[in-house]
Amino acid sequence: MATDSKKEAFRRFLETAGVIDMLTKSLVQLYEEPEKPGNAIDYVRTAFGAPTPAEFDAMTEEKGALEEKVALLEAQIKEMALKIHELENPPTKEEDTTASE
């Protein structure tokens with residue numbers, strides 16, 4: 001009995017969340033498709049809004065490029081912060097003479 005109530009609660013959850021409706025719509029679309037796709041799983045994934053393999057590859061490549069850009073910009077920020085610190089805190093004459101000794 002407990003298993004039946006768990007199944008029913010789960011079914012209500014899926015129905016309330018709209019999962020059953022979305023699955024039904026995507027499967028009906030697939031059924032009505034005149035030329036069936038080679039991969040039904042990819043078709044359903046795309047119907048749910050997942051990227052195609054080509055889109056995924058493009059996003060992965062873009063992510064890598066953006067990570068490189070972030071690293072470059074972080075290095076530039078660090079360099080500029082150091083320059084600002086040096087400009088705001090110039091060495092005094094006393095520090096100049098001890099540094100040259």
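1. Accessible area here comes from the Shrake-Rupley method with a 1.4 Å probe. On that basis the chain exposes about 9,200 Å². Carbon and sulfur atoms account for 61% of this surface. The model is a predicted one.

2. Overall dimensions come next. The radius of gyration of the chain is 30 Å, whereas a compact globule of 101 residues would have one near 13 Å. Along the principal axes, the C-alpha atoms fill a box of roughly 85 × 45 × 20 Å. Of the 101 residues, 4% are buried.

3. The secondary structure consists of 5 helices and 0 strands. In sequence order the pattern reads α-α-α-α-α.

4. Helix α3 covers residues 40-47. At its start, a side-chain oxygen of Asn39 comes to within 3.0 Å of the backbone nitrogen of Ile41. That pair falls inside the 3.5 Å cut-off for N or O atoms in a polar contact. Just after α3, Gly49 has a positive phi of about 100 degrees.

5. Phe48 lies in the loop between α3 and α4, the latter being residues 53-88. How accessible is Phe48? Its relative accessibility is 39%, so Phe48 counts as partly exposed.

6. Patch members need over 30% relative accessible area, and Phe48 has 39%.

Key. Residues numbered from 1 in each chain as written. Predicted model: local features only at pLDDT ≥ 70, side-chain atom pairs only at ≥ 80, totals over all residues. Heavy atoms only, no water. Polar contact = N/O pair within 3.5 Å; in protein donor to acceptor, adjacent residues only side chain to side chain. Helix = DSSP H or I, 4+ residues; strand = E, 2+ residues; numbered from the N terminus. Buried < 20%, exposed > 50% of the residue type's maximum accessible area, 1.4 Å probe, protein only. Rg over C-alpha atoms; globule rule 2.2 N^0.38 Å.
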